[in-house]
Amino acid sequence: MLHELLLALLGYTGDLIIDERERQESLRINLSPDAPLADEPTFKLAPDLSFIEPSDREIIEKVITLGFYYRELERFASKSRNLSWIRSSNDSPLSRAAEILKGKKLKPSVYRRALANGIVEVLSVYRSTVLQIEQKLLSDCLPVLATVTQGLNKFFVLLPPLYELILEIERDNMYGGRLLNLLHKRCHCGIPELQTCIQRLLWHGHQVMYNQLMSWMVYGILHDQYGEFFISRQEDRDSENDSPANMLEKLARLSTNDVSVTDWHLGFHIFLDMLPEYVPMHIAESILFAGKAIRVLRNPSPAAQFQGQHMQKGSQRIQGSIGRSSLQKDSPFQSILTGEELLPQSEADRIEAMLQNLKESSEFHKRSFETAIDSIKAIAANHLWQLIVVRADLNGHLKALKDYFLLAKGDFFQSFLEESRQLMRLPPRQSTAEADLMVPFQLAAIKTIGEEDKYYARVSLRLPRITVKSSHLELPKAKAYSDGDLGIQSDTSAEMFIDGWDGIALEYSVDWPLQLFFTQEVLSKYLRIFQYLLRLKRTQMELEKSWASAMHQDHSDFAKHRSDGIDSSISQQRRQHFRLMWRVRERMAFLIRNLQFYIQVDVIESQWNVLQAHLQNSHDFTELVGFHQEYLSALISQSFLDIGSVSRILYGIMKLCLQFCWKLENQDIKESTTELEYIAEEFNKKSNSLYTILRSSRMVGSQRAPFLRRFLLRLNFNSFFERTARGVLNVVRPRPTLASTMI
């Protein structure tokens, strides 16, 4: 009986102590490691044992439940520690997921294996205790049940909760971060022995997490074969839902793009399902950033090794096309960069030592963990700052984007618009429009850009195909007012475009590693501001040119009539007729000039100075990215590009100004006068609507436009806008009809 009891305590049943599941022949249960766990203990004394007293039977059945828990825990440990699920690293996540879905094998888990290692430690202590009890009973004549109960008393506190733990793990199929969550919650209990045991299991789970953190944050390698880490590859998460065609397309795209840049922006993300609840989101983001930064620093892009040659070829191309010497100086990447140069081994050892200290700690201390992660992030961010700001000359590229996309090189764009003015009076030809526009663009570069400007070679002119129903020179008289607003198409997709040339765009060539800073989203914001500023400058130039053209024509007519001795009443009549229009033109020019000054000086220059101050004081890459995003957001918001009502009014005003200039140069008085009057009236409405919106307390009191009061003060310096804004918005005049325009 003694040995039957001791064997049962180690999970082996016999004739006296039986397993009820084994006796149920209808179930035909094979207690292999893969067999399901029972919901409750099934070890019982055989019912036909009459020589055991009821009191002893109760004690024995209570004790042998430990044998049941031991066996189930050992089965779980054996299944979780089975190394047969280890696969070749060449197996794709898609094939592994397919096998799991087909039910061939359960999902492998290194975290479950770590938990099983901890359970094996507890079971080894239990086995040693049973062995000691056997030796004690064989050596001395002691009461059997009392000795067994007293020796195994502490395991009544440990084994049942551990069994409930593995039941929940099996039932909910927990692994990875979710398994750590469960262990962390179970640590909070009022039984010291159980708390110590669960903390030891959690320590084993944390060993796996720290190994993954070490691989990720020291070497930039994501070692997570079974999708249990809270940092995950985007392609691994998507591969289970992608079709083979989509996967081939992604592979083809990755083969043409810079892998390091793709990894930085799209390659990795935080897998929230596996993020332990006791790891805050900002710490997870710091871990993600640090690992990506280490990947960049340890694996410099091969493009950096040939960047100098590339820029030299680009300069030779510019030299040949515009007839001047090379615009490109020596590239900052003349020599081959190595990971050791960008991230010294001493710094990598320092990161590893921090993680090793956390790994060796017997308990998880949240504050120590967060402090170490923040320190590692600071190290990675500082070295990435050295790469981006110092080696790659970030400030020089920011200045170049300001010069070309924010029109800081005003002389260059003034020359470009003057050279292309006649070309833009004609509708663009779809096949040659971009090539036609390159001629004045290069002529302007010859006139205004010096050889010391090494960034011009990175700028290229583009003209995307934009469908505009009619240009300003093709506006049919019979349909001039049919859509309710002169020259503004009813099609909403084209209403923001003035003509076919309004889609002029710039592209800026960005090399590694600046793609980490200048993303496509950032460059698209620069492009949006550029197109807005170019429209504004083009409008200002047309207003100036129309005045010069009108004055030249007026003086020519006056001199001609005087020299010919003809009555100058016609010339006087013409001058009198257009005097009102000249006043309207002056009001247009006044508004456009002040708007341009406000954006270029009050907005762009002030925000540029703020950005420069941040660049001087910060040595953290993540901070620089945030400052630059704030810079672009401030430019867009303070220029009113993110306010739909204001931006539509501004585009409408610029469109009316250009149409006014084109009509003003039309020498046919009878046909153009009525149209000019209608344009002038629409301009008054829109300009006063703009002033009314901008002077509202919501706009003036907002922090989004700190210099708006200056702009309004310059506009309304003599209270003209304030007086006219009160009544002009409610004035409704009949639109000219086709018959009136034909008279």
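A residue is called buried here when its relative accessible area is under 20%, exposed when over 50%, and partly exposed in between, using a 1.4 Å probe and protein chains only. The structure is a predicted model, in which local features need pLDDT of at least 70 and side-chain atom pairs count only at pLDDT 80 or more, while totals for chains, interfaces and linings use all residues. Residues are numbered from 1 along each chain as its sequence is written, and side-chain values use heavy atoms, with hydrogens and water left out.

Let's start with the whole protein. Of its 743 residues, 50% are buried. The protein has 30 helices and six strands; these are DSSP runs numbered from the N terminus, with helices being H or I of at least four residues and strands E of at least two.

Now take helix α18, residues 394-405. Its 12 residues reach 16 Å from first C-alpha to last, close to the expected 16 Å, a span defined as 1.5 Å times one less than the number of residues. Because 10 of those 12 residues are buried, α18 is largely enclosed by the rest of the structure. Among the buried ones are H397, K402, D403 and Y404. Just after α18, L407 takes a positive phi of about 60°.

Finally, the cysteines. The structure holds zero disulfides, a disulfide being a pair of cysteine sulfur atoms within 2.5 Å. For C189, the nearest cysteine sulfur belongs to C187 and is 7.6 Å away; C189 is partly exposed, at 27% relative accessibility. For C661, the nearest is that of C657, 6.7 Å away, and C661 is buried with a relative accessible area of 0%.
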